Amino acid sequence: MDVAIIFGSASDKEKMAGAAKCLDEFGLEYKAYIASAHRVPELLENILKEAVDSGAKAIIAGAGLAAHLPGVIASKVTIPVIGVPLDAALGGQDALYSIVQMPKGIPVSTVGINNSYNAAMTAV
């Protein structure tokens with residue numbers, strides 16, 4: 001696997017489809033997962049281990065509302081994490097600010113609201 005795509009709930013699937021489309025266009029292998037950093041942290045840990053063990057070179061993480069998912073992932077892996085703020089409230093600005101303001105040492109590359117295609121371009 002080249003890239004893992006992770007998003008917090010099934011309702012995010014459509015907004016994250018652009019990432020899969022882009023990766024398909026470039027012929028990169030990916031796997032998509034649904035895992036909330038809040039509701040199923042143990043599942044997320046297992047997914048991250050699987051992604052890293054499978055050779056993933058980057059992780060694209062989509063999150064809305066409090067948008068902890070990309071930051072939590074970045075705190076647990078050493079491969080690049082690209083955060084996609086999703087419009088779940090406040091036009092997605094709340095998610096954008098949550099993702100872009102990571103503390104020193106926990107880098108998360110961030111793209112525009114709902115722009116999972118550009119997240120995949122960054123991974124490419």
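These legends accompany several close-up views of a predicted model.

**View A. The largest pocket and its lining.** Start with the open space here: the largest pocket has a volume of about 280 Å³. Its lining is made up of 21 residues. Which of them lie nearest the centre of the pocket? Look for Gly 8, Asp 12, Arg 39, Gly 64 and Leu 65. Sorted by class, the lining holds 9 nonpolar, 8 polar and 4 charged residues.

**View B. Asp 94, a buried residue without a salt bridge.** Find Asp 94 in helix 4, which covers residues 93-100. Although Asp 94 is buried, it has no salt bridge. How far away is the nearest side chain of opposite charge? That side chain belongs to Lys 15, and the distance is 9.8 Å. A salt bridge needs the charged nitrogen and oxygen atoms to be within 4 Å. Setting aside neighbours within four places in sequence, Asp 94 is in contact with Leu 65 and Ala 89.

View C. Pro 85 sits in strand 4, residues 81-85. Is this residue buried or exposed? Pro 85 counts as buried because its relative accessible area is 0%. Leaving out residues up to four places away in sequence, Pro 85 touches a list of residues that includes Ala 63, Leu 96, Ile 99, Val 111 and Ile 113. For a sense of scale, take Ala 58: it is 27 residues from Pro 85 in sequence, and their C-alpha atoms are 17 Å apart in space.

**View D. Asp 2 and Lys 57 joined by a salt bridge.** The model has 5 salt bridges, and one of them links the side chains of Asp 2 and Lys 57, with 3.4 Å from N to O. Asp 2 belongs to the segment before strand 1, while Lys 57 is in the loop between helix 2 and strand 3, so this pair ties together parts that are 55 residues apart in sequence. Asp 2 is partly exposed, at 22% relative accessibility, whereas Lys 57 is exposed, at 54%.

View E. Glu 25 and Lys 21 have their closest N and O atoms 3.1 Å apart. Both residues lie in helix 1, 4 residues apart, or about one turn of the helix. In the other pair, Lys 76 and Glu 45, the closest N and O atoms are 2.9 Å apart. Here Lys 76 lies in the loop between helix 3 and strand 4 and Glu 45 in helix 2, so the bridge ties together parts 31 residues apart in sequence.

How values were computed: Residues are numbered from 1 along each chain as its sequence is written. This is a predicted model: local features need pLDDT of at least 70, side-chain atom pairs count only at pLDDT 80 or more; totals for chains, interfaces and linings use all residues. Side-chain values use heavy atoms; hydrogens and water are left out. On a 1 Å grid over the protein atoms alone, a cavity is a set of points where a 1.4 Å probe fits but cannot get out, and a pocket is an open set with protein on both sides within 12 Å along at least five of seven lines; lining residues have an atom within 4 Å of a point. Grid points are joined across faces, edges and corners, and a volume is the space filled by probe spheres set on the points. Ala, Val, Leu, Ile, Met, Phe, Trp, Tyr, Cys and Pro count as nonpolar, Asp, Glu, Lys and Arg as charged, and the others, Gly among them, as polar. Helices (H or I, at least four residues) and strands (E, at least two) are DSSP runs, numbered from the N terminus. Buried means under 20% relative accessible area, exposed over 50%, partly exposed in between (1.4 Å probe, protein chains only). Lys and Arg count as positive and Asp and Glu as negative; His and the chain ends are not counted. Contact means heavy atoms within 4.5 Å.
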